[in-house]
Amino acid sequence: MIGRTLVFVFLSTRGAFSATVDATVDRNTAALGEPIALSITVHDGDVNDVQFPATLSSAFQIQGGGYARSTELTANGFVTTATRSFALIPIAEGTYAVGPINLIVGGQVIATAPISVTITKTPAV
């Protein structure tokens, strides 16, 4: 299974807030109608809002998925991890950028970097 992971670090001007955000897809090539799993995980924070770019809807149907949240006690205190899952159903052939996707974490806006995805007419053999 091919996937890409993008990691971002965000430090607030308040100094006490820090979060890392991972955006991953389960494949970078898919056929029309073949779902692509997109996961967005925030470490040391929670996802209050996910804002997809309007251009994404011309290439994919976006279906909401699950939400999971966990809290772990570490040597540095409590760390919260939140994951939002989505299914991207391709409706047009071509190469597309999934993102940037804006997230609101702790009242701050964080944008993921785009992930390149290629959509073909037929599945790869």
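Modeller: Buried means under 20% relative accessible area, exposed means over 50%, and partly exposed is in between. Keep that in mind; the model here is predicted. Asn-28 has a relative accessible area of 12%, so Asn-28 is buried.

Colleague: Where is Asn-28 found?

Modeller: Asn-28 sits in the loop between strand E2 (18-25) and strand E3 (29-31).

Colleague: Which backbone oxygen lies 3.0 Å from a polar atom of the side chain of Asn-28?

Modeller: That of Ser-116. Ser-116 belongs to strand E11 (residues 115-120), on the uncovered face with Thr-118 and Thr-120. The covered face of E11 holds Ile-115, Val-117 and Ile-119.

Colleague: How many bridges join E8 to E11, and do they run parallel or antiparallel?

Modeller: Five bridges, running antiparallel. Gly-94 is set opposite Ile-119 in E11. Ile-119 is on the covered face of E11.

Colleague: In what order do the three strands of the open sheet lie?

Modeller: The order is E5-E9-E10, with antiparallel pairing.

Colleague: Why is one side of E5 and of E10 left without a neighbour in the sheet?

Modeller: Strand E5 (47-51) and strand E10 (108-111) are at the edges, and each has a single partner strand, so one side of each lacks a neighbour in the sheet. From one strand to the next, the twist averages 25°.

Colleague: How many bridges pair E5 with E9?

Modeller: Four, in the antiparallel sense; E9 covers residues 102-105. Asp-49 stands opposite Ile-104 of E9.

Colleague: Now the rings. What describes a pair of aromatic rings?

Modeller: The distance of the centres and the angle of the planes. This structure holds two aromatic pairs. Phe-52 and Phe-86 make an edge-to-face pair, 5.0 Å centre to centre, with 90° between the planes.

Colleague: Which parts does the pair of Phe-52 and Phe-86 tie together?

Modeller: Phe-52 is in the loop between E5 and strand E6 (60-74), and Phe-86 is in strand E7 (residues 77-90), so the pair ties together parts that are 34 residues apart in sequence. Phe-52 is partly exposed, at a relative accessible area of 22%. Phe-86 is buried, at 10%.

Colleague: Why is the pair of Phe-60 and Tyr-96 edge-to-face?

Modeller: Planes over 60 degrees apart count as edge-to-face. The planes of Phe-60 and Tyr-96 are at 70°, with ring centres 5.9 Å apart, so the pair is edge-to-face. The pair links distant parts of the chain: Phe-60 is in strand E6, Tyr-96 is in strand E8 (residues 94-98), and they are 36 residues apart.

Colleague: Is Phe-60 buried or exposed?

Modeller: Buried, with a relative accessible area of 2%. Tyr-96 counts as partly exposed, because its relative accessibility is 22%.

Colleague: Last item: peptide bonds. What is the general rule?

Modeller: Most peptide bonds are trans. Check omega between Gly-99 and Pro-100: about 5°, and the bond is cis.

Colleague: Where is the place of Pro-100?

Modeller: Pro-100 is in the loop between E8 and E9. One of its flanking strands, E8, is joined to E11 by five bridges. The other, E9, pairs with E5 over four bridges.

Technical notes:
Residues numbered from 1 in each chain as written. Predicted model: local features only at pLDDT ≥ 70, side-chain atom pairs only at ≥ 80, totals over all residues. Heavy atoms only, no water. Pairing = 2+ DSSP bridges. Helix = DSSP H or I, 4+ residues; strand = E, 2+ residues; numbered from the N terminus. Axes fitted to C-alpha atoms, helices over the stretch in contact; angles between N-to-C directions. Phe/Tyr/Trp six-rings, centres within 6.5 Å; stacked < 30°, edge-to-face > 60°. Buried < 20%, exposed > 50% of the residue type's maximum accessible area, 1.4 Å probe, protein only. Polar contact = N/O pair within 3.5 Å; in protein donor to acceptor, adjacent residues only side chain to side chain.
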